[in-house]
Structures are given as C-alpha cells and as structure tokens.
Amino acid sequence: MIYPKRLKIGDKIGFFSPSSPATVFAPNRFERAKSYLENQGFEMVEGSLTGCSDSYRSGSIQARAEELNQLIRDPSVRCIMSTIGGNNSNSLLPYIDYEALKNDPKIIIGYSDVTALLLGIYAKTGLVTFYGPALVASFGEFPPLVDETLQSFLDILCSTSNQYQYEMPKFWTDIRVDWETQNSYKPVYSNQWDFLGRGLITGRLVGGNLNTISGIWGSCYMPDINSGDILFIEDSLQGIETVERSFAHLMACGVFDKVGAIVLGKHELFDHKGTNRSPLDVLLEVLNGKDIPILYGFDSCHTHPMLVTPLGINVSIDFDKQLFKLESPWLSAV
C-alpha cells in the first residue's frame with residue numbers, strides 16, 4: 001500500500017481532462033469552480049489541455065496521457081483532480097508514468113469515467129486513490145451543496161484526525177439544469193441511507209462507476225476482487241435494463257460470491273422504464289437470496305453533494321448501529 005501525503009491549504013491542485021472537454025463546453029462553470037477552490041486557499045494548476053477539444057474529447061490519447069503525466073511529474077503538485085468524466089479515460093492507462101507516481105505519491109481524485117484511472121493506478125502501484133469530486137462537475141455547483149462537497153474533501157484529504165465517520169447529508173439532488181445558464185442552487189430532496197443487513201463488516205473498499213469498470217474488466221488495470229472486500233458501485237443516467245445487465249455481469253464473474261458487503265451509491269436520474277423499481281430492487285433480484293449486507297443510497301456518486309471515498313483502504317460498516325467508518329490506520333498514514 002502507498003499513501004499520498006495529506007493535502008494542506010495552500011497546496012497546488014493540478015487539474016486535467018482525461019476524456020470530455022468540460023473546460024470548453026462549460027466555460028462558465030469551469031471558471032466558477034476554479035475560483036471557488038482558489039478562494040479556499042488552493043493554488044490551481046492548469047493541465048495542458050485546458051481549453052482544448054477535438055469534439056468528443058480534450059485531445060488525442062497520447063496528448064491526454066501526457067497532460068496527466070506532466071502533473072504527475074511536477075513535484076509541486078500535491079493533488080491531481082479531473083475536470084469531469086466522459087467515456088475514454090481507459091485509453092490512457094498504458095501510457096501513465098506509474099513509476100513517477102510510486103516515487104512521488106499524489107492524491108488522485110475524480111469520479112465516473114475516471115474510475116478507470118483510479119482503479120488502474122491502484123492496481124499498478126498500490127497507491128490509494130480517491131473517488132470524489134471533479135473540478136467542473138462538482139465544484140462548479142452553487143452553495144450550499146458545493147460547500148458540503150468541499151467539507152467532505154477537506155475532512156478526508158486535509159484533516160489531521162486519526163478517525164473518520166461518514167455523516168449522511170440532510171439533502172441531495174440529481175436535478176439537471178443547463179450548466180451555462182444556471183445561476184442559483186438546485187432544488188433538493190430529503191436524504192436517506194438504508195442499511196440492509198446485520199453485524200459489523202470490515203474489509204478493503206474497492207470499486208467505482210459500474211459502467212466504467214466494464215471497460216477495464218479482465219485487464220491488468222482492474223484490481224482483483226478478494227474474499228471479504230467491500231464492493232462500492234454507483235452509476236448514472238442508465239436504464240433499468242442496463243443496470244440489470246451490469247449486476248448480472250458481476251454475478252456471472254463470481255463477485256457476489258466473494259464480497260463481504262456492498263455499498264450502492266445513488267443513481268442519477270435512473271430510468272426505471274415505468275416499473276417504479278429502484279437499482280436496489282434490481283440488485284436484490286440478481287442476488288436471488290444471497291445474504292450480502294448492503295448500504296444503499298451512499299452519496300459518493302453523480303449527485304450533489306458528493307462525499308470523498310478512498311479506494312484500496314479498509315473500512316467498516318456497522319449495520320446494527322448504521323455507521324460507516326474509515327479505518328484509522330489510513331488516516332494516520334496520510
């Protein structure tokens with residue numbers, strides 16, 4: 001296991017665009033997000049493809065890999081954050097400077113399609129990575145939701161505490177608006193987490209965006225799922241038929257025979273095709289009676305606010321007391 005150094009106010013955060021060119025198609029949100037983090041005291045370092053686009057992506061595979069590698073090799077950059085996800089982050093995996101990351105471990109953070117990079121880097125180096133906010137998509141949101149996302153960011157990456165327990169946000173939203181015309185916070189819903197199971201489960205947390213995982217499954221960039229692991233999965237904008245297929249794929253691969261528990265994040269704008277069924281309903285059907293404890297509705301996903309989730313560390317979920325904690329050895333090591 002390799003741990004990055006704890007982030008400090010005043011540190012440099014480099015940002016990159018491994019897939020979609022958010023700095024081009026959402027310039028107002030990008031500038032708002034960049035200013036927001038600068039106002040918190042961080043120094044923002046632009047990746048070389050900032051403001052670049054070749055239609056569906058920010059640049060060629062080699063150019064996108066080099067943008068990331070430049071930030072990896074810059075000793076002054078302590079955190080590397082994606083601007084957004086997309087569909088093609090997995091193309092970068094053969095070209096990442098993994099040795100440079102081993103020699104100078106940095107915080108790597110993002111979500112959605114960036115799952116491929118988070119898991120690939122962890123698999124190749126043992127470096128703990130972080131499923132969490134992306135610059136444009138997350139920090140371009142308006143208060144109070146963005147402030148809650150920031151608090152989780154600071155709590156996990158900057159705190160000197162030797163323990164951490166997740167607290168459920170009171171409200172959340174997945175309402176979609178036009179990013180370039182948005183000028184106020186979004187309407188919100190009351191929040192709820194469901195702890196389905198009993199007892200205290202402890203294990204290594206691994207996972208991310210389920211749709212993206214399929215793009216690295218079976219490769220050297222996908223960490224092995226071991227007995228007792230806690231599987232974290234979430235998805236966005238999928239129909240119920242696609243979600244069933246994804247869960248069934250995990251079942252066919254024997255994943256549900258190994259894991260000790262599942263953390264299922266909220267699904268942004270889930271299309272239940274008129275069935276009124278939830279992703280949890282689909283998962284339970286696929287499990288077909290398998291006794292696997294499930295924490296459902298966790299707010300590390302495509303919704304706001306977003307909680308930071310370290311990948312590769314041990315966590316514990318107390319289903320009786322409804323508590324989700326990060327293990328202190330990681331916190332004391334960062």
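**Figure 1. Buried residues of helix 10 in the predicted model.** Helix 10 covers residues 279-287, and its buried residues are Pro279, Leu280, Val282, Leu283, Val286 and Leu287. Viewed down the helix axis, these buried residues fall within an arc of 160°, so they line one face of helix 10. An α-helix has 3.6 residues a turn, so residues three or four places apart point the same way. The cover over the buried residues of helix 10 includes strand 9 (194-196), helix 9, strand 12 and strand 13 (294-298). After helix 10 comes Asn288, which has a positive phi, near 55°.

**Figure 2. Strand 13 and the strands paired with it.** Strand 13 is mostly covered, with five of its five residues buried. Strand 9 and strand 13 run antiparallel and are joined by three bridges. The pairing of strand 12 with strand 13 is parallel and extends over four bridges. Ile294 of strand 13 can be located in both pairings: Leu196 stands opposite Ile294, and Ile262 also stands opposite Ile294. Strand 13 is also among the elements that cover the buried residues of helix 10.

**Figure 3. The largest cavity.** The structure holds two cavities of 30 Å³ or more, and the largest has a volume of about 60 Å³. Its lining consists of Leu210, Ile233, Glu234, Asp235, Val243, Phe247, Leu264, Gly265, His267 and Pro279. Strand 11 (230-234), helix 9 (240-252) and strand 12 (261-265) are the elements that give two or more residues to this lining. Sorted by class, the lining of the largest cavity has six nonpolar, two polar and two charged residues. Pro279 belongs to this lining and is also one of the buried residues of helix 10.

**Figure 4. The second largest cavity.** This cavity has a volume of about 40 Å³. The residues that line the second largest cavity are Leu210, Ile213, Trp217, Met222, Ile225, Leu231, Ile233, Leu250 and Val255. Helix 8 (210-213) and strand 11 are the elements that give two or more residues to the lining of the second largest cavity. By class, this lining has nine nonpolar residues, no polar residues and no charged residues.

**Figure 5. The largest pocket.** About 650 Å³ of space lies in the largest pocket. The pocket is lined by 32 residues, of which Ser112, Ser236, Leu237, Glu268 and His302 are the closest to its centre. The lining of the largest pocket divides by class into nine nonpolar, 17 polar and six charged residues.

**Figure 6. The second largest pocket.** The second largest pocket holds about 170 Å³ of space. Trp172, Ser190, Asn191, Gln192, Asp194, Lys266, His267, Tyr296 and Gly297 form its lining. Two of these lining residues are nonpolar, five are polar and two are charged.

Key:
Residues are numbered from 1 along each chain as its sequence is written. This is a predicted model: local features need pLDDT of at least 70, side-chain atom pairs count only at pLDDT 80 or more; totals for chains, interfaces and linings use all residues. Side-chain values use heavy atoms; hydrogens and water are left out. On a 1 Å grid over the protein atoms alone, a cavity is a set of points where a 1.4 Å probe fits but cannot get out, and a pocket is an open set with protein on both sides within 12 Å along at least five of seven lines; lining residues have an atom within 4 Å of a point. Grid points are joined across faces, edges and corners, and a volume is the space filled by probe spheres set on the points. Ala, Val, Leu, Ile, Met, Phe, Trp, Tyr, Cys and Pro count as nonpolar, Asp, Glu, Lys and Arg as charged, and the others, Gly among them, as polar. Buried means under 20% relative accessible area, exposed over 50%, partly exposed in between (1.4 Å probe, protein chains only). The arc is that of the directions from the helix axis to the C-beta atoms. Contact means heavy atoms within 4.5 Å. Two strands pair if DSSP finds at least two bridges between them.
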